[in-house]
Amino acid sequence: MSFINNSFFVIVSILSLLAFSSNAQLSPSFYARTCPNLQTIVRSTMRQAIAREARLGASILRLFFHDCFVQGCDASILLDDTATFTGEKNAFPNRNSARGFEVIDTIKTNVEAACNATVSCADILALATRDGVVLLGGPSWTVPLGRRDARTASQSAANSQIPGPSSDLSTLITMFANKGLTARDLTVLSGGHTIGQAQCQFFRNRIYNETNIDPNFATTRRATCPVSGGNTNLAPLDTVTPTRFDNNYYTNLVKQRGLLHSDQVLFNGGSQDALVRTYSGNSVAFFRDFAAAMVKMGNISPLTGTNGEIRRNCRVLN
Ligand code: HEM
Ligand SMILES: *[C@@H]1O[C@H](CO)[C@@H](O)[C@H](O)[C@H]1NC(C)=O
Ligand SMILES: *[C@@H]1O[C@H](CO)[C@@H](O)[C@H](O)[C@H]1NC(C)=O
């Protein structure tokens with residue numbers, strides 16, 4: 001019996017060591033000596049970008065999500081396709097949709113000027129994401145740092161591991177579980193849809209065919225999203241305050257004004273209804289949980305130590 005207990009304990013210890021070692025080296029002070037002005041540079045470049053176009057804060061947040069869900073938060077999404085390299089930018093969830101890459105380029109240029117060949121593109125994306133959320137009125141959090149940049153990308157993983165807008169709740173829960181995230185994490189991270197825009201082609205079926213939708217909301221959205229044509233016409237994911245990071249995403253869901261099918265499934269008589277209701281009435285709880293879940297998502301399989309590289313140009317392998 002004690003043998004079983006001991007070996008059980010040893011196995012559990014080894015498993016937790018393995019699980020922990022993947023991000024054991026991430027630390028908020030990773031660049032404290034090597035690039036002391038890093039956070040100031042990222043913040044001021046993001047401030048300029050958002051002053052030009054508020055939506056860029058949303059676009060960067062989505063880039064981080066799509067980066068972390070494909071082989072971890074390793075800046076794989078930032079690599080351009082070449083004649084001999086297939087990256088993730090032309091995967092279905094990203095093609096003609098993922099945006100904000102120029103902002104990351106500008107931050108990288110500014111960071112390189114201050115701290116040459118020191119800061120990874122993966123960490124720049126993590127910091128820029130946090131700053132975008134803060135600058136649009138959302139919560140702040142301390143960003144663990146020390147990620148390194150991938151020397152690979154995976155278009156096929158981007159196609160199969162990033163959820164699509166017609167997903168049902170069970171699919172979303174499974175796809176988040178595959179990344180070590182819970183159903184609660186799914187519901188709180190989907191609150192990222194309090195900012196930004198979506199194309200008609202991704203919500204057309206919802207506004208014409210679904211019944212769990214506020215009819216006035218459907219009519220409004222149909223005005224700029226016709227039955228055919230207008231595929232790329234945009235509508236705000238949060239119809240009330242599209243450039244303000246707040247809890248209106250959840251108040252919309254409670255009123256059946258979720259834009260995407262994958263939004264409204266979080267409040268459609270299922271397991272996430274209670275949490276959606278909580279966040280719709282408690283932005284403090286939403287902000288607290290969102291910040292914690294962003295740190296958790298940012299810890300998905302980072303490259304650390306001598307793995308990967310510090311890319312000189314976020315679009316190109318060294
Ligand atoms: C739960 C599964 C999710 C699905 C199915 C989904 C799907 C989508 C779709 C279809 C769009 C519109 C893209 C376009 O029209 O080009 C979008 C936009 C966006 N998503 Fe998600 N998303 C999900 C989760 C998340 C998460 C976890 C975050 C961040 C924490 C996020 C942040 C955003 C943002 C900020 C935008 C607006 C981007 C912009 O305006 O450029 N999404 N999402
Ligand atoms: C920056 O670092 C790279 C790699 O170490 C080096 O090749 C390059 O000359 C450096 N550039 C400047 C401006 O110091
Ligand atoms: C509504 O659903 C039908 C049946 O699935 C489909 O053929 C049609 O394209 C949908 N309409 C829109 C506008 O998406």
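Me: Which residues of helix 9 are buried?
Reply: In helix 9 (residues 200-209), the buried ones are Cys 200, Phe 203, Arg 204, Arg 206 and Ile 207. Buried means under 20% relative accessible area, exposed over 50%, and partly exposed in between, with a 1.4 Å probe and protein chains only. Helices (H or I, at least four residues) and strands (E, at least two) are DSSP runs numbered from the N terminus. This is a predicted model: local features need pLDDT of at least 70 and side-chain atom pairs count only at pLDDT 80 or more, while totals for chains, interfaces and linings use all residues. Residues are numbered from 1 along each chain as its sequence is written, chains are lettered from A and ligands numbered from 1 in the order in which they are written, and side-chain values use heavy atoms, leaving out hydrogens and water.

Me: And what covers those buried residues of helix 9?
Reply: The cover includes strand 1, helix 10 (215-222), strand 2 and helix 12 (261-264).

Me: Strand 1, okay. What does Ala 198 touch?
Reply: Ala 198 lies in strand 1 and is buried at 7% relative accessibility. Leaving aside neighbours within four places in sequence, Ala 198 is in contact (heavy atoms within 4.5 Å) with Phe 203, Asn 233, Leu 234, Ala 235, Leu 237, Leu 259 and Leu 260.

Me: Switching to the ligand. Which protein donor does the iron atom of ligand 1 have?
Reply: His 193 is the only one, through NE2 at 2.1 Å. Donors are N, O and S atoms within 2.8 Å of the metal (3.2 Å for Na, K and Ca), and since water is not among the atoms, sites may look incomplete. His 193 sits in the loop between helix 8 (183-189) and strand 1 (197-199).

Me: Which residues come nearest to ligand 1?
Reply: Of the 27 residues around ligand 1, those are Arg 55, Ser 59, Ser 97, His 193 and Gln 199; to be near, a residue needs a heavy atom within 4 Å. A polar side-chain atom of Arg 55 is 2.7 Å from an oxygen atom of ligand 1, and one of Ser 97 is 2.5 Å from an oxygen atom of ligand 1.

Me: What does UniProt list as "binding site"?
Reply: The unreviewed UniProt entry lists Thr 194, Asp 238, Thr 241 and Asp 246. They span 53 residues in sequence, yet no two of their C-alpha atoms are more than 9.5 Å apart, so they gather at one spot. Positions follow the numbering used here, feature names are shortened, and annotations may be inferred rather than shown by experiment.

Me: Is Asp 238 buried or exposed?
Reply: Asp 238 is buried, at 0% relative accessibility, in the loop between strand 2 (234-236) and helix 11 (248-254). Its contacts beyond four places in sequence include His 193, Thr 194 and Asp 246.

Me: How many aromatic pairs are there in the whole structure?
Reply: A search finds 14. Phe 245 and Phe 286 form a stacked one, 5.7 Å centre to centre with 5° between the planes. Phe 245 lies in the loop between strand 2 and helix 11 and Phe 286 in helix 14 (residues 283-298), so the pair ties together parts 41 residues apart in sequence. Rings of Phe, Tyr and Trp (its six-membered ring) pair if their centres lie within 6.5 Å; planes under 30 degrees apart count as stacked, over 60 as edge-to-face and the rest as tilted.

How values were computed. Polar contact = N/O pair within 3.5 Å; in protein donor to acceptor, adjacent residues only side chain to side chain.
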